[in-house]
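Thanks for coming. I have one structure to go through today, and I will keep it short.

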Amino acid sequence: MTVAARLAKQGHEVSLYEASGRTGGKCRTEWIGDYAFDTGPSLLTLPAIYKDFFLKTGPRFERVLKRTAVDPSFTYNFADGKSVDFVNLDLPKTCAAIDAALGVEAGNAWHALMQRAEVMWDISRVPFVQSELTSIWSLLKRRDLIRGIRQIAPYKSLRKVTGEYTKDQHIQMIIDRYATYTGSDPRKAPAALLTIAFVEASFGAWHLAGGIGQLSIALEERCRLLKVDIHLDSPVAKITTTRGSVTGVTLTDGEFVSADLVVANADAEIVYNQLLEPAVRQAKPERKKLQRAEKSLAGFSLLLGLDNSKIDGPTPKINHHAIYFPANYDAEFDAIFTKHVPVADPTIYICAPHDPLMVKREGTENWFVLVNAPRHDPAFGWDWSQGGEKYAQQIIAKLDSLGLRVSERLDVMEFRTPLDLQNTTNAPGGSIYGTSSNGAMSAFSRAKNRSPVKGLFCVGGSAHPGGGLPLVGMSAELVAEAIGGTQTGVTAAHHSH
């Protein structure tokens, strides 16, 4: 939707074909009874990406969305009973909180890591994130990047670079988690993922009143304002080509839609292996690349509606974003990436928004609970068509053991497996971000924004620069810039969920 609106503003005639009955894909706020849940992204970082979008396409961000700071941005809880609150937009206070909870050495290490992350961000932001990543040779021509290679440490893992600053296991776990943000293993993922920690600390953690899904609603409204022609329940069966150039799309009902350009938001694996004919030889390099790339991890989520009137005594207090680490974090990565089985004692992430617009009754709470999980892969890994209910109960039992009194307050409970994610959003195996960031060359395994098939462009979480709301917004800007403005032609923006 972001690229569709940008292209319409540039003067293109844009049609958007959406497979499901609503827009927004994974980014949605879903009501179950009296409770609303952000079932995809539950946090907005780098809001400037979307502020820029709204400013350049019509009424500004603040006119259409209400943004509030999440403070503390995160509460990290450890198996040894220690916990620390990260203060939103205040690194000195966060370091002081780490000093108090984990010791001065840990606080100093965090400060030093954030300084390193800032240098990494400054060096990599333009060439790696805000530019089309066409090839490694284009990067090698940049003298500023060559000088910064030592700081970026492309052949060091996130785990290794953290170990150069501290041996504190609590800090290690917090940093490791930034690898899972991209669906990756911190023991293999590049050190550059440390920049995510800097971005969070420097640009803040934000909530949108009514849920993060309000962003999808605002984007659809902006598309309609700019006369984007939105077709819901219109899955695309094929991207059609002639002599290596796109000619349009064919819908599953057989209708052919002619287009000069096609922007595909489906997972790159689906674009290259299902939507394009095997005979399209220009797609061969991207197919090979996707075949070699390691897939990202998936997620198992619980949607919990809690009624506090069901219990006597004080209600357990929980901040907006809370993380509960297990005693053995490495066992989690071994389970997912090596054994391909559900994690016995997983890290638990809870989003408890405390937003009155997301519940219909006072004294109730809406928790979105997420744990990392292996992707759905019956042939070579885990089959998520069964065992979901049992695993959900196992996670609830763990929450109870942490003193959160979930079972006693439970009013609504639904769970979503990686198979559910695959079925509802066309994410193969339920992999949240397409390919993982495992390995030094992982940035080059993502689909290029400008496909080798003439007239075809790729946008979204499986394309460059990656998954998550900020990077998806950046990919839209890169594609809009690559296409450029014109007063002629028809662009079909294809959204597959």
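Before the cavities, one term: a cavity here is a set of grid points where a 1.4 Å probe fits but cannot get out, and its lining residues are those with an atom within 4 Å of a point. Keep in mind that this is a predicted model.

Searching the whole structure gives three cavities of 30 Å³ or more. The largest cavity comes out at about 140 Å³ in volume. It is lined by 16 residues, and those closest to its centre are Ser-73, Phe-86, Val-87, Glu-200 and Ala-201. Which elements give two or more residues to that lining? They are helix H4, 91-102, helix H5, 104-129, and helix H10, 194-203. H10 has the largest share, with three residues. Sorted by class, the lining of the largest cavity holds 11 nonpolar, three polar and two charged residues.

Next, Asp-168, which sits in the loop between helix H8, 158-163, and helix H9, 169-180. Is Asp-168 buried or exposed? Asp-168 is buried, and it has no salt bridge. The nearest side chain of opposite charge is Lys-82, 6.4 Å away, against a salt-bridge cut-off of 4 Å. A polar atom of the Asp-168 side chain does lie 3.1 Å from the backbone nitrogen of Ile-171.

Last, helix H1, residues 2-10. Seven of its nine residues are buried, so H1 is largely enclosed by the rest of the structure. The buried ones are Thr-2, Val-3, Ala-4, Ala-5, Arg-6, Leu-7 and Ala-8. After H1 comes Gly-11, with a positive phi near 110°.

Key:
Residues numbered from 1 in each chain as written. Predicted model: local features only at pLDDT ≥ 70, side-chain atom pairs only at ≥ 80, totals over all residues. Heavy atoms only, no water. 1 Å grid on protein atoms, 1.4 Å probe; cavity = no way out; pocket = protein on both sides within 12 Å on 5 of 7 lines; lining within 4 Å. Points joined across faces, edges and corners; volume = space filled by probe spheres on them. Helix = DSSP H or I, 4+ residues; strand = E, 2+ residues; numbered from the N terminus. Nonpolar A, V, L, I, M, F, W, Y, C, P; charged D, E, K, R; others polar. Buried < 20%, exposed > 50% of the residue type's maximum accessible area, 1.4 Å probe, protein only. Lys, Arg positive; Asp, Glu negative; His and termini not counted. Polar contact = N/O pair within 3.5 Å; in protein donor to acceptor, adjacent residues only side chain to side chain.
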